[in-house]
Amino acid sequence: MVHTLKEQDVKYGEEVNTKPKKFILWLFVVSSTIMFGGFTSFYIVFAASKGKGHGLVLPDAFMYSSLILIGSSVCLFLAAKALKAGNVGSQKILLWGTMVLAVVFGYLQVDAWSALYHTGATLVNNNAAISLIYIVSGFHLLHIFGGLCFILNCLFGAYGKIPAAKAKYRMEIASIFWHFIDILWIYLYVFLLLNS
């Protein structure tokens, strides 16, 4: 018996309640926001008590990685639009573009750490504000890795010809998480620029 696409979507919606999974994702987003808020609060308290920030000129790689991350968010947004329009071919290309840009972002973060290290700004030093640069960018990079897993899940779905409702759900989850980590990085980068 052959099911139409709409029948498959209804069947998927009946079998799987997606609300609890989405709620867990939002809990993770909120807890991550609190964690990074704690890091930046520590930075402000440390800077106020010591009378100094990190005192560094941030590597250009951080600025370039910010632009790359924004580009990856645009690709993911367009991939979601392509899926809604039923253009799975474009969705696949844009998802691959998002992944490539995410890998470039990771490379630029490591390059920025290398540049910091070569200026004498090491992770373990007498200025906790410098250490915080490594910590927040490192934790953010872990979030990028998690986001890549969501994007890979979307790609597997696109190539595996899963029901449209399931594909849209995967894209929605990936988009929520990816756009969150994009906004989070912009916040962290601007925070570090303003509090040097």
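Throughout this tour, contact means heavy atoms within 4.5 Å. The model on your screen is predicted, with local features needing pLDDT of at least 70 and side-chain atom pairs counting only at pLDDT 80 or more, while totals for chains, interfaces and linings use all residues. Residues are numbered from 1 along each chain as its sequence is written, and side-chain values use heavy atoms, leaving out hydrogens and water.

**The whole chain**

Start with a cartoon view of the protein chain. You will find 6 helices and 0 strands, where helices (H or I, at least four residues) and strands (E, at least two) are DSSP runs numbered from the N terminus. Read from the N terminus on, the elements go α-α-α-α-α-α. Of the 196 residues, 40% are buried; buried means under 20% relative accessible area, exposed means over 50%, and partly exposed is in between, using a 1.4 Å probe and protein chains only. Among contacts with a separation of 6 or more, 82% join residues 24 or more positions apart.

**Helix 4**

Now select residues 88-118, which form helix 4. Its 31 residues should span 45 Å at 1.5 Å a residue, and its end C-alpha atoms are 45 Å apart, so the two values agree; the expected span is 1.5 Å times one less than the number of residues. Color the buried positions next: they include Gln 91, Leu 95, Met 99, Phe 105, Leu 108 and Leu 116. Among the elements covering the buried residues of helix 4 are helix 3 (60-84), helix 5 and helix 6 (164-194). Step just past the end of helix 4 to find Gly 120, with a positive phi of about 95 degrees.

**Helix 4 against helix 5**

Axes here are lines fitted to C-alpha atoms, for helices over the stretch in contact, and angles run from 0 to 180 degrees between N-to-C directions. Helix 4 and helix 5 are therefore roughly antiparallel, given that angles over 145 degrees count as roughly antiparallel, under 35 as roughly parallel, 65 to 115 as roughly perpendicular and the rest as oblique. Their crossing is left-handed, meaning that the near helix is turned anticlockwise from the far one by less than a right angle, with clockwise being right-handed.

**Helix 4 against helix 6**

The axes of helix 4 and helix 6 come within 14 Å and cross at roughly 30 degrees, which makes the two helices roughly parallel. This crossing, too, is left-handed. Show side chains for Gln 91, Leu 95, Thr 98, Ala 102, Phe 105 and Gln 109 of helix 4, which meet Met 171, Trp 178 and Trp 185 of helix 6.

Select Ser 73 in helix 3. Ser 73 is buried, at 7% relative accessible area. Leaving aside residues up to four places away in sequence, Ser 73 touches Trp 178, His 179 and Asp 182.

Move to Gly 37 in helix 2 (residues 19-50). Gly 37 counts as partly exposed at 24% relative accessibility. Draw a distance from its C-alpha to that of Leu 188: the atoms are separated by 9.6 Å, though the residues are 151 apart along the chain.

Finish at Lys 161, in the loop between helix 5 and helix 6. Lys 161 has a phi near 55 degrees, a positive value in a residue other than glycine. With 68% relative accessibility, Lys 161 counts as exposed.
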